[in-house]
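Biologist: Can you walk me through this one? I would like to start with the aromatic side chains.

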Amino acid sequence: MKQYHVTGMSCAACSARVEKAVRAVEGVDFCSVNLLTNSMQVEGTATEEQIVSAVRAAGYGATAKGGRRESRAHEQAEEPNGEIKALWHRLLSSLFFLAVLMYVSMGHMWGAPLPQAMADRPMVLGLIQLLLCITVMVINQRFFISGVRAVLHRSPNMDTLVAMGSAAAFGYSVWMLFRMAVYTQAQDLPMAHACLHDLYFESAAMILALITLGKLLEARAKGKTTGALRGLMSLSPATATVVRDGKELEIPLEEVAVGDVFVVRPGGRVPVDGVVTEGMGAIDESALTGESIPVDKGVGARVSAGTVNHSGFLRCRATEVGEDTTLSQIIRLVSDASASKAPIAKIADRVSGIFVPVVMSIAILSTAVWLLVGQTVGFAVARGISVLVISCPCALGLATPVAIMVGSGRAAKCGILFKTATALEQIGKIKTVVLDKTGTVTRGEPTVTDIIPAEGVSEMELLCVAVALEARSEHPLGRAVMSLAEARAISPMPLADFEAVAGYGLRAKNGQELCLGGSERWLRELDIPLGDMPSRAEVLENEGKTPLYFAVDGRLLGVIAVADVLREDSAEAIRQMKRMGLRVVLLTGDKRRTAEAIGKQAGVDEVKAEVLPADKERAVAQLREQGAVAMVGDGINDAPALVRADVGIAIGAGTDVAVDAADVVLVKSRLSDVPTALRIGKATLRVIHQNLFWAFAYNVIGIPLAAGVFISWLGWELAPMFGAAAMSLSSFCVVSNALRLNVLRLYTDPKTNKIKEKKTMTKVMKIEGMMCPHCEARVKKILEGIDGVASAEVSHKKGTATVSLSAPVSDEVLRDAVAAEYTVKEIK
């Protein structure tokens, strides 16, 4: 899909005209024009020259968006500062001359004095009004130039309506001025004074000033809608410090190449994606992930462009540069989503395409009707002018894109990336959420959940034998035991004659003792007494856990249970989705007993287990028959189901295939972001409906009111200047309504309407022996590897570790984990 920057558009009629012109080009399969971002997306085999020529033939300008630098230049060009400054200048100049014009034309109504030479000479007053009105029209000549050009290209737009309204008032006033000259020549001063009341010079100028005010308010509000995108654009530094030939050089960001070594000092931004080769620092990734707590990065850790190094010196090797960095990909996704068009916008597009010609016809018809029923020319012309200036196609054109822009920008700040506007609209209609199990609801890697020593055996004795055996194993369950060993700083003891017995387990010798680890069946075949351990293990199996038996010289040491456990936020995320009225289904290829155990823990409504990868797509298709479906997954086997669903949501840490197949990407890889994405989608869809209702209702009520339909019934009559004021506020109201999404409460319990706060318990450990930041990192890694520890803040200078717990953890577990390398003096 190729993107273009379009210039010269002022309303929805303009975007509809451009879209129609490009779609008529041979080879164009798809075209979508976004009025808010002045951008156009085109798919097909047509060349850039053909596309640009078609846009120019329609009366507008277009340039193809190229590489990253050009795209950034366009984004910066689209920033509203320059436009707002020009509008302020036009508005202030217009208001100055308008104030003088209003004083001359209507000051006598307020008892304001006029020079005697002017008061007694109506022709002088008329000529002064003429000159002041012409000055305001010259200041706002842009409306007339754009409006006339649009008519010449047979595509009248909002500027055409404004120009026609102002020109009609001006033309009628000039005609009355000629009549005044005739009466003055005939020395009929009473008739000449009477003609003053039929001059509409102040209306012609007021229309232009008020529309300019509306444009200013609209530009300022629109500028706020693109704030998220501009904020992302500003994250990347302009230069990078690289090491070449042993020297540090500061070079433009565009010159950094893959493989270059760059340095990041405290307070500096990471210029490109890379891997740390030297040093340690705390990286603030909140701009990309929304996570406020800095992440410690050491040798081998990956860093992303746009993140900030809070402390420490880092030397890194560039792995992705330019448009391949994570930041650039996020910018591209947000930009593409903003530039794309939601299906709901099609009705507004159809109306906008014929809106201006219809309004012009209504204005002419209303003028003719009032003349036919015997009203004066001035009254009839005023009705036609009111129709022209109150009509607003802009509100229709902006109703959907402003909501999409603000919604996708708000989501990006939370680490949720919508690839298209369609996804943002569709997610608001979801009725069923389908969740993959492994890596989505669960962590995706086995974890030790239970340690059950046999009678007379200590937990440490059981762990030492288990760690010694699993240290040489390549089985995933063995890696879970080794992760626990690393967290508790347990070193494996040396064993001899190690052997992995296929289908049974492991065995090796510790001196003369035979150490065994494996299944219950194997130990039974070896006639090892198991006591009541099998019944205890059966309880674990019913919970979806896998028990590993360990024995030494025919004596059972105990059981260690391993399972792919729930993510910390899974149960809460599912609870929130259910409270939103959604049906939650767990879809997995695992055994039914394991799947149902996980489903029960998570609290899902339905479990579909033992589903083959090829059948996942079919299962999603069946669920779609009951309503819109969102599929959440992370693996290659989830890709077909992600595509089949109405909205595919990929965990950011999942496979590239899953991320590419999805419509929404969760950067932070948290299931709790799924209800957040759903809330943003529902709120965005609600705002779109409100905007479209307002845009249609405004025109449906306003145009008949301006035409004078209610005069005979209710006596309601609308002056042209009040019609211009209404028009100037209509687009501003639509944009302002969309900006409410920026203050939407995303992490609110929908039942209580109160922000949910995670209940955490904090413990402070006093630790001796930490000498440097490396010690801090070691202690932090040990503590955060313990189940139930949410985070740990460690300071070697203070000799403390502040541990935040998401679940109860005993002091002994914390002490034992650290005591192997450091001395724990106290835990509070």
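Modeller: This is a predicted model. F96 is exposed, with a relative accessible area of 54%. F97 is partly exposed, at 27%.

Biologist: How are the rings of F96 and F97 arranged?

Modeller: Their centres are 5.2 Å apart and the planes are at 80°, so the pair is edge-to-face. The cut-off for that label is over 60 degrees.

Biologist: How many aromatic pairs does the structure hold?

Modeller: Six. One of the pairs is F170 with F201, which is edge-to-face because the planes are at 65°, with the ring centres 5.7 Å apart.

Biologist: Are F170 and F201 buried or exposed?

Modeller: Both F170 and F201 are buried.

Biologist: Switching topic: which residue does the side chain of K616 contact?

Modeller: The side chain of D436, through a polar contact of 3.0 Å. K616 lies in helix α25 and is buried, with a relative accessible area of 2%.

Biologist: And which rings have an arginine over the face?

Modeller: R90 lies over F143, at 5.2 Å from the ring centre. R179 lies over W175, at 5.5 Å from the ring centre.

Note on methods: Residues numbered from 1 in each chain as written. Predicted model: local features only at pLDDT ≥ 70, side-chain atom pairs only at ≥ 80, totals over all residues. Heavy atoms only, no water. Helix = DSSP H or I, 4+ residues; strand = E, 2+ residues; numbered from the N terminus. Buried < 20%, exposed > 50% of the residue type's maximum accessible area, 1.4 Å probe, protein only. Polar contact = N/O pair within 3.5 Å; in protein donor to acceptor, adjacent residues only side chain to side chain. Phe/Tyr/Trp six-rings, centres within 6.5 Å; stacked < 30°, edge-to-face > 60°. Lys NZ or Arg CZ within 6 Å of the ring centre and 35° of its normal.
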